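I opened this one up today and kept notes as I went. Here is what I looked up, entry by entry.

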Amino acid sequence: MNKVKKNSAANNAFKYTLLCLALIHFSCSDNESCEYIHDEEDVIIVDTFPFACSEGMDVAFLVDYSRSMFAGVEDIQNSLTQITDAVIDQSGGDYRLSLSLFDLSDNQFQPIYLTEDDYTSLPADQKIIRTTNPTNDHYFTMMEKFATSNVASFSTQLDKLNGTLSGGSGNLATSIEPGGLLLNEILNNNFAGSYRTGNLTKLAILITDSQAGGEDDIVDATDDTYLTGLANTANNLGIQLILVTTLEDSNLEISLIDNNTGGLKGTSIAPEFLSENIVRLIENVCANNEG
């Protein structure tokens, strides 16, 4: 059974403020959000966060590339057109996409894909390998950075997964992955390139079957604090987070999504239905952003 949940914080975020006044002089200070005002028969509509998807969309996909996600990645590949069409349709053609992977491996055994052309040919700034954990190494790979109307190159890179780019490793014993650490690279270090500024919808979609374990690959209160901090960073940047997961409950849901303004989550999703729920959640975010 699939569950699509709406973040309660979204109820407090409205697209429009309606002021029904016959005559009004309206001014904004530098720190106020009122870049767009539409006047129609005494109704003034002020554009505020979250912004309509039709104003443009930057969408970052963060994909768990562990072995247990093979079926989920395959489902996303098979339904790629539906996913990208949802973004293109909702944005009116003004969109940018990025695709990144997170994985971990016992530090005695590196993933096979590290030696393959599809990985080695990527620019150095699109590959991060962390070896600070005494047991596991963490791998963050930016397959496609943000670019204008880049559905063709995005699709090409996605098609490589579990194909010409061998499948990842992951921690099958504990079902813990460094998804939160990759999100930090996206939000704080522009790993996908910079999100655009202005009144557009900015999304980060995290697709996983695991909890976030942080640097030590142990799920505890430290990770809750870390994920809550990421949620607050996303709020400050005007980025809405979407979680699509096979898990019923996780720290990514409770500490990350539930603290993000306008964020949504789909939980308990079977791998073969991940793409269906990605499309649904994108459409739901856009509907909510319209007010």
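**Helix 5.** I started with helix 5 (residues 179-189), where nine of the eleven residues are buried, so it is largely enclosed by the rest of the structure. Helices are DSSP runs of H or I with at least four residues, strands are E runs of at least two, and both are numbered from the N terminus. Among the buried residues of helix 5 I noted Gly179, Leu183, Asn184 and Glu185.

**What I'm looking at.** This is a predicted model, so I kept in mind that local features need pLDDT of at least 70 and side-chain atom pairs count only at pLDDT 80 or more, while totals for chains, interfaces and linings use all residues. Residues are numbered from 1 along each chain as its sequence is written, and side-chain values use heavy atoms, leaving out hydrogens and water.

**Strand 6.** Next I checked strand 6 (residues 95-106): eleven of its twelve residues are buried, so this strand is largely enclosed too. Strands pair if DSSP finds at least two bridges between them. Strand 5 (residues 57-64) runs parallel to strand 6, with eight bridges, and Asp58 sits opposite Arg96. Strand 8 (residues 136-144) runs antiparallel to strand 6, also through eight bridges, and there Leu99 has Glu144 as its bridge partner.

**Val151.** I found Val151 in helix 4 (residues 151-159). Its relative accessibility is 22%, so I put Val151 down as partly exposed. Leaving aside residues up to four places away in sequence, Val151 touches Thr84, Ile88, Tyr95 and Leu97, where contact means heavy atoms within 4.5 Å. The C-alpha atoms of Val151 and Arg96 are 8.1 Å apart, though 55 residues separate the two along the chain.

**Strands 12 and 13.** Strand 12 (residues 239-245) and strand 13 run parallel, joined by three bridges, and Val244 stands opposite Gly266. Which way do the residues of strand 13 (residues 264-267) point? Leu264 and Gly266 go one way, Lys265 and Thr267 the other, and all are buried.

Terms used. Buried < 20%, exposed > 50% of the residue type's maximum accessible area, 1.4 Å probe, protein only.
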